[in-house]
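Visitor: Please show me the model, and let us go through it by question and answer.

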Amino acid sequence: MIKVKLRAINLLLLMCLSGIAAAQVDNKVLPLDPAVRTGKLPNGFTYFIRHNEEPKNRVVMYLVNKVGSILETDDQRGLAHFMEHMSFNGTTNFPKNELVNYLQKSGVRFGADINAYTSFDETVYELPLPTDNPDLLKNGIQIMRDWAHNATLDADEINKERGVVLEEKRLGKGAAERMRRIYFPLILNNSRYAERTPIGTDEVLNNFKPEAIKRFYQDWYRPDLQALIVVGDIDVDQMEQTIKAKFGDLKNPVNEKQRTRYTVPLTSKNQFVVVTDKEMTATTAEVLFKHAATEMKTAIDYRKGIVNSLFNQMIAYRYAEVTRQADPPFVQGGAGISDFIANLDNYGVSVTAKPGELEKGFKAVWRESERVKRFGFTETELERAKIAYLSSMESALKEKDKIQSINLVQEYQEYFLKGTAATGIVLEYDMAKSDMPGITLEEVNALINEYTKPVNRDILIMAPEKDKAQLPDEATITGWMSAVEKENIVPYKEEANKLPLLAKEPVAGKIVSEKKDDQLNITTLILSNGIKVILKPTEFRNNQVLFNGFSPGGTSLYNDVDYQSAASSGSVIPAGGVGNYNVTDLGKYMSGKQAAARPFINERSQGINGSSTLKDLESALQLTYAYLTEPRKDVNAFKGIITRSKASMANRSSDPKTVFNDTISAVLGNHNIRRTAPSIQKIEQIDLDKAYAIYKERFADASGFTFTFVGSFDVTIIKPLLEKYLGGLPSTNAHQVAKDLGIHAPAGRVEKTVYKGTEPKATIDLVFSGTYEHSASNNIKMNALKEVLEIRLLERLREDESGVYSPQVSVSTAKYPEGRYSLVVSFGCAPQNVEKLITSALDEIGKLRTVGATQVNLDKFRAEDKTSTETQLKSNGWWLSYLVGQLQNKESLNEVDNYIAALDKVTVDNIKEMSVKYLSGKNYIRFVLLPETK
């Protein structure tokens, strides 16, 4: 399916002609969105330029290369990806690491903003930049030019980067990677794709000569395989002239190699493979029917994409219903049409089975697929799916002038790489609206027969190694399929629920006070039941409303005996539905409505999160009222959740990362029962009646609630809806507060090593924690400390010592129940380098305490934070998060007005003081995950 796009063109020829003439038009390639300017230079270099002001004063540039691992020779396996790394390690105009250094100083974060990726068929470089700095914009184009063909490929830099790439490869090792190595050749029909995974081989990465990567670079980084995509707040004419001047002198190789388009051949064979691994946590089975993919280029292709989407939507609902049974036959199951690889898509049927119940689970998923194949869908299902599809398209159409530049860039990338139509949302919507009435039930039902031919079928089973003896062979599993196909399966039936959502309409309350903050454009209302409502209308989107409601209390008010029921109540009770609708019928009722609401109960509060379009805001508020006042106690839904949850616990301890994370959580929580790992015993403590009573109790008193709404609404118009659905909530004026449970990380120095797994890799978390003086100023300083430390660790552990791929520093602070902080340094590495790299990391922390941060690194943090803040301030999501956070911390909503000024006041001495106070090592916990054997 084509992604949402922007502008339109005239559809008269496409939509009004009939008969043979219409078919001829429909078979023509859809036109490229006229809002983008495109061209091709004499050397074959392609460009796409588009003016777009979302976000304003920003531009996104992608250098897209039709170059990937599929083009590597045997002695180059992994070098397409290695080349991507080297583009950041020295170019003609930015030697060594100066490129990253320059961009960081300019406010562009390495990894978060400036980035790249390598796949089988492409390598893409990404660069978002501010446009209000002409020199930076000019240098951005120069960076793109250097990436296109100015990499220096210095031998010393290549040798330094070997360790980094090998560490990136090490991070991907584990059960999934080991099993993939076995089944990839089979499901990819032993094609070239099976032996050209982008990460490459250890042998090549450790031993290749610089000449090998230089040869790859000279052969494939060339203008006829490259495109520059520039979308943002720029002058299109000026940018076009700059691109012509900068890229026009690129030259293709004299002896140009042919860029072969590789494929995965369809062999007309059926294949079967079983793969097991000691660290696999569940038994899964998948049946793949490989199929020649339809290119998305013409109006006919687009129509077929809609049909596929409707099919997937309907079959997903079918499987969701099975999952909600009191005794569901599997943990997870589903089927649908999806992209596969290269020239193929596929129809896949998959199941995650309960322990020891693969036959039952597999037959259940196969039975639903067979039911569709035998009887198809119903007219009601199709009509509901059509309404939902068009509603989604209408919502996208209303945002046609608010589409983010990054989304447009990615569309033009697909157009360049694959010829995928990029026509604009108006044309897409018109095609969908025109096509939808003519899409018949017979047409949708025919899809499953088109995709499930008796050839090109692969069956893949993956399971824990300990269950290997019980796994079926090919004859057994095909026997299961045949048995299901001979069953007396009955057609799908559904009973229409035409009742209103609410069993009882709310009695509206009144707005008793109103206050306006003109500076923040915020209106504060107090309702007659005590609810406070914060309203911030914005113009960031045309048709988006986000909201949150919370009140204090949460699970902190319940003892340990009732904790499991309390902690699960926010999920198991909503799973039963609301009002007059169980959860299955509720999904059908909400079809076509762009509205959602979901309650939560966490440790210190309870509440609800929601979103909607302006048209469907009443539906979202109606859902809110329903969840808070009319929850359903559904025994079958509850039993199904418990059954599947228990099944998922069976092999949980086989996964090294899970065991490591469980250990960290337990230690940091002082082994409190609320912080230790989930278990079957804990699941068995969940009582439906108790959970229901707790849920009702948590939402019985609206007087403690604060609701915040951000988005494209009119305050005057929204008021009556708030009075009805929020003002009508019950109120007891209890005004409960959360309880301090006193669960903190242990004081002092602790070392915990976990031995789990077989791969030669280690994971390290270094945790500094303790009491914290929570304030706006300290929060900024703590973020600065986090950022400058991460910059130094990146420079030392990655660039200087080549020992890690991507060291991370995270920081969290909390004001309530008492000021606490946690700063965590995380990285992965080779087991033999653990002590050395921990020593290096602690040495950098020690330097922050004794010497302090460098001014240049502080300036990088300040530039990056200002750049990201400017963009965040134009996002509904950021404003909702900010306002809710301020309200929960009982702090001024106007704090944001002083943020940039406070940021400018942070000094090197401030960071040194914070390091001395919070990174002293007094409270320091070292976690290390190592393999079980050396």
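Guide: Buried means under 20% relative accessible area, exposed means over 50%, and partly exposed lies in between, with a 1.4 Å probe and protein chains only. This is a predicted model, in which local features need pLDDT of at least 70 and side-chain atom pairs count only at pLDDT 80 or more, while totals for chains, interfaces and linings use all residues. Residues are numbered from 1 along each chain as its sequence is written, and side-chain values use heavy atoms, with hydrogens and water left out.

Visitor: Is W366 buried or exposed?

Guide: The cut-off for buried is under 20% relative accessible area. W366 has 6% relative accessibility, so W366 counts as buried.

Visitor: What is the average pLDDT of the chain?

Guide: pLDDT is the predictor's confidence in each residue, from 0 to 100. A score of at least 70 is reached by 97% of the residues. Over residues 1–25, however, the pLDDT is below 50. The chain average is 95.

Visitor: How are the rings of F289 and W366 arranged?

Guide: Rings of Phe, Tyr and Trp (its six-membered ring) pair if their centres lie within 6.5 Å; planes under 30 degrees apart count as stacked, over 60 as edge-to-face and the rest as tilted. For F289 and W366 the centres are 6.3 Å apart and the planes stand at 25°, so the pair is stacked.

Visitor: How far apart in sequence are the parts that this pair ties together?

Guide: Helices (H or I, at least four residues) and strands (E, at least two) are DSSP runs, numbered from the N terminus. F289 belongs to strand 8 (residues 283–292) and W366 to helix 12 (residues 358–375), so the parts tied together are separated in sequence by 77 residues.

Visitor: How many residues of helix 3 are buried?

Guide: Helix 3 covers residues 79–86 and is largely enclosed by the rest of the structure. Its buried residues include H81, E84 and H85. They pack against several elements, among them strand 5 (123–130) and helix 26 (776–800).

Visitor: Which element gives the largest share of the lining of the largest cavity?

Guide: On a 1 Å grid over the protein atoms alone, a cavity is a set of points where a 1.4 Å probe fits but cannot get out, and lining residues have an atom within 4 Å of a point. Among the lining residues are Q313, R318, E381 and K588. Helix 11 and helix 13 (379–398) each give two or more residues. The largest share, five residues, comes from helix 11.

How values were computed. Contact = heavy atoms within 4.5 Å. 1 Å grid on protein atoms, 1.4 Å probe; cavity = no way out; pocket = protein on both sides within 12 Å on 5 of 7 lines; lining within 4 Å.
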